[in-house]
Amino acid sequence: MSLPDGYSLLRAEEKLEALWARVSSDPYPEGALPTRVPGPWGRRKLFSTAFNRGSFELSGDELPPDRPKLVHTYGTCARVTMKITAEHPYTGVLAKGGPALLRFSDAKGGGSFAPSIALKFFVTGKPSLNFLGLPNDYREKGDLRCFSSVYCNSTVPAKEFDTKLVQGAFQKAANSLGGTRLYSVYLPLHHLAGMHTDGARAENPLVPDRIEFHPTAEAKRACPDTSDFRLSLARVPAGIKLFDLHVAAKLDQPAQPMGELWLDSTFVASKYGDERLFFAHDVGPTTNVPH
């Protein structure tokens, strides 16, 4: 089930309803969650600048049917709200927060668990604004917990050789599109600070370098340990605070309290969420800027 004609012109709240209806309409049976991920040969396209450019250049909230998810293949989604609870100077979506779609996914699969988060903020009449985060530090081998890491747009360099190559190819794709601030382990936040959800551009945008998502004790208690993160997250009840948000002006400065992320629905793992839902990456500024 594809998104309706005219979807891109809808109001932000209408887009959320339309996309959530598709994500939640075809959940996998609990005992039939897919686990097979592309092997090394299937993932060879990840070393291609041309293929990786699609992560930036494809528009909209849906993947074309013929473009597979070679990483972040399987995940689970929920509706959330970002609440701003502390004063800060940052602009755009970061100033007020609002409803969003959250996807937890396994960046690698195939026996190892590399969790990641993606947040989609909907914008009236314009493309969505997406935040993508990875653990900000190395994880212990065998750790299957979703809430044992702080998630951030700035992460540590990969240790595995193949992952290093993929990160390098991803950065080359951004550079080929003129990106000046995106690096293999850092995603800039200019798009989030530059636009409001009503489609108005922020005047004199002020951009932080880093946003951190700190799991709450409540989320840790509510998420049981299982062999599959999708089963664990399916047990988390709606209405709890998942993360405390912290923000830093620069990468080398400590982060300060910013807000909270609250869970508005239960998590749903679905075929649509895995095969069609798309979180575009933003290439960031294409000129030299101080942030």
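I start with the second largest pocket, which contains about 400 Å³ of space. Before going on, the basis: this is a predicted model, where local features need pLDDT of at least 70 and side-chain atom pairs count only at pLDDT 80 or more, while totals for chains, interfaces and linings use all residues. Residues are numbered from 1 along each chain as its sequence is written, and side-chain values use heavy atoms, with hydrogens and water left out.

Now the terms. On a 1 Å grid over the protein atoms alone, a cavity is a set of points where a 1.4 Å probe fits but cannot get out; a pocket is an open set with protein on both sides within 12 Å along at least five of seven lines; lining residues have an atom within 4 Å of a point. Grid points are joined across faces, edges and corners, and a volume is the space filled by probe spheres set on the points.

Back to that pocket. Its lining has 21 residues, and those nearest the centre are P127, S128, L129, H191 and D282. Two or more lining residues come from each of α2 (49-57), β3 (115-123) and β4 (126-135). Helices (H or I, at least four residues) and strands (E, at least two) are DSSP runs, numbered from the N terminus. β4 gives the largest share of this lining, five residues. By class, the lining of the second largest pocket has eight nonpolar, seven polar and six charged residues. Nonpolar here is Ala, Val, Leu, Ile, Met, Phe, Trp, Tyr, Cys and Pro; charged is Asp, Glu, Lys and Arg; the others, Gly among them, are polar.

How many cavities of 30 Å³ or more does the structure hold? There are two. The largest cavity has a volume of about 60 Å³, and its lining consists of N130, F131, L132, L187, P188, L189, H191, H281 and D282. Again β4 gives the largest share, here three residues. The classes for the largest cavity are five nonpolar, three polar and one charged.

The second largest cavity comes to about 40 Å³. Around it are M82, L94, L119, F121, F131, L192, I211 and F213, with β3 and β6 (210-215) each giving two or more residues. This lining has eight nonpolar residues, no polar and no charged ones.

On to helix α4, residues 161-176. Its 16 residues should span 22 Å at 1.5 Å a residue, and the end C-alpha atoms are 23 Å apart, which agrees; the expected span is 1.5 Å times one less than the number of residues. Buried in α4 (under 20% relative accessible area; exposed is over 50%, partly exposed in between, with a 1.4 Å probe and protein chains only) are Q167, A169, F170, A173 and A174. These cover an arc of only 160° around the axis, so they sit on the same side of α4; the arc is that of the directions from the helix axis to the C-beta atoms. The buried residues of α4 pack against α2, and the face turned away from them carries exposed F161 and K172. After α4 comes G178, with a positive phi near 95°.

Last, F104 in strand β2, residues 97-106. F104 counts as buried because its relative accessibility is 0%. Leaving out residues up to four places away in sequence, F104 has contacts (heavy atoms within 4.5 Å) including Y74, C146, F147, F229 and F267.
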